[in-house]
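Please look at the structure below, and then follow the paragraphs that come after it.

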Amino acid sequence: MSAASHPQLSNELVDHLFRNRAGQMVAYLTRVLGAEHLDIAEEAVQEALLKALQTWPYNGVPDNPAGWLFRVARNAALDVLRHRKLVSQKTAEFVATAEMGSSAGSSGDSDFEEKLRDDELRMVLMCCHPVLSQDARVALSLKTVGGFSAREIAKAFLSEETAIAQRLVRAKRQMREEGIGLELPSGKELAQRLDSALEVVYLMFNEGYAAQSGPELFRKDLCDEALRLAQLLADSSVGTPQAHALVALLAFQAARLPARVDSQGEMVLLEEQDRGLWDQALLALGFRHFGLSAEGEEISPYHLQAAIAAIHASASSEADTDWEHMLQLYDELMEVGPSPVVALNRAVVVVKVKGIADGLAELRSLAEEKSLRNYYLLPAAEASLLLQMGERDEAARLFREALKRPCSEPEKRLLVRRWAECEAIAPCFY
Amino acid sequence: MPNYMLLLHGDPTTYKTMSPEEGQKALQKFLAWRERLRSQKILVGSAKLKDEAGKVIRGSSQPRVTDGPYSETKEVVGGYFTIEAQNYDAALAHCRDCPHLEYGGTIEVREVEPVPGT
């Protein structure tokens, strides 16, 4: 009986199949072919997905969709090798692994699934090699591991598709020239590589969580992929308490996403969110990894940020939130990982603990920060406080200033509504 | 009930530039459409044809073989579905939500001549 005869089953199987398996297949083929043939691996996987897209509508979904994709991708790679007369021992290895690949996705082959996760891990760590620029690491990870197209990456990072495509080509050339492969480094170098990978994942999530422009408030696909990669790193043989802390942080943040927009696509601020909409499974995932992050001595910025997110996650309301504890955590964070954005967030907590005047002073001390010059939340936060104090004119000016800075459409609309509140005069009754 | 053949004409390169995510979305739409036909028990058969021009042969004593029939255009018949429907209107109604149209393809609908006397 084919999977297609169970509509529900086939939908479940196919739901995230392409995105989830694309990176794995590229990683697997790259291991077998050698890192210098990453392009062939990508081409072959693209070919397999295309074949599925073109034939499954007519023939239905095969019994083992993942195994089908692996088989077709492997054959496509073999064709390219033959075509380019690269046949050698690579072909022999291929044939040797043929049987394994065919059973991918079936429940009986947990060894192969384990091997695939290892391939994927090596691929992430390869893409996050410190010789590559940070931009290149992020783009490469999204492309080869996350299965994002250059167009999708460009959209997420407000860049041109051709610029991203060039960045990818350059990064791959650099990897070839430097002989960067899938070998796992050890000791200090491994720790460095893992740090770099965690940073890439963190950036990816941030970009998804607060889209810098566009019609959507956040980009769930980027958030999902970042969380998936964080879990891959944390649960792997090279996982560290830091990696678990990052998973916890991302899971807590992702859990709140469903409550951040209302049914009309409008932005809902934390204090007004329906906490019943928070994703319970993600909260549980967050707390589980938060527990695992407590092993070891080190308290990283990820630990502190996860602890802050955990306070929000466990509070039943704005009033129920332990702001004092949160302020302590922000103070610690300013010591181990200070940044103007952290300082801004801390200032908002200062308002809750010490009052508007103190918070406002903290915010104003950030006015000269270069890195916040284009950050709309700085003037927006100050404006909110001024509005609470009844200083409407100055608040209106700052909301207007915030509107000049890049943000998503829902954020813009929220700023416009707040601005309108400043301008509002007593209603007249004729 | 009469059978109708739905011939899906289109440019096979349409799907080539899709990312895994976009391809996934397209596939899901196609599978949902196929599933609707199947669950209504009107899907008689379907097959994918290879995305190439194919060959055309004509003449009897010295048959001439050419590429074609669409060798000048990018369009090919990508495949077909055979469905049961009361009449042309009903057959066309089943095509309206076929994702092939959304992706720029056209569907040629032809009624199958029934075998006389059955």
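Predicted model: local features only at pLDDT ≥ 70, side-chain atom pairs only at ≥ 80, totals over all residues.

**Confidence and the interface**

Within chain B, the mean falls lowest, to 88, in strand β4 (residues 64-67), and it is highest, at 97, in helix α2 (residues 88-95); helices (H or I, at least four residues) and strands (E, at least two) are DSSP runs, numbered from the N terminus. The model as a whole scores ipTM 0.92 and pTM 0.82.

Residues are numbered from 1 along each chain as its sequence is written, while chains are lettered from A and ligands numbered from 1 in the order in which they are written. Local features need pLDDT of at least 70, side-chain atom pairs count only at pLDDT 80 or more, totals for chains, interfaces and linings use all residues, and side-chain values use heavy atoms, with hydrogens and water left out.

Where the chains meet, 27 residues of chain A are in contact (heavy atoms within 4.5 Å) with 28 residues of chain B. In chain A, L53(A), P57(A) and Y58(A) lose the most area to chain B, together 32% of what that side buries, where buried area is the accessible area (1.4 Å probe) that two parts lose on being put together, summed over both.

The rule finds one salt bridge across this interface of chain A and chain B, a side-chain nitrogen of Lys or Arg within 4 Å of a carboxyl oxygen of Asp or Glu. The side chains of R151(A) and E22(B) form a salt bridge, at 2.7 Å from N to O.

Terms used:
pLDDT = per-residue confidence, 0-100.
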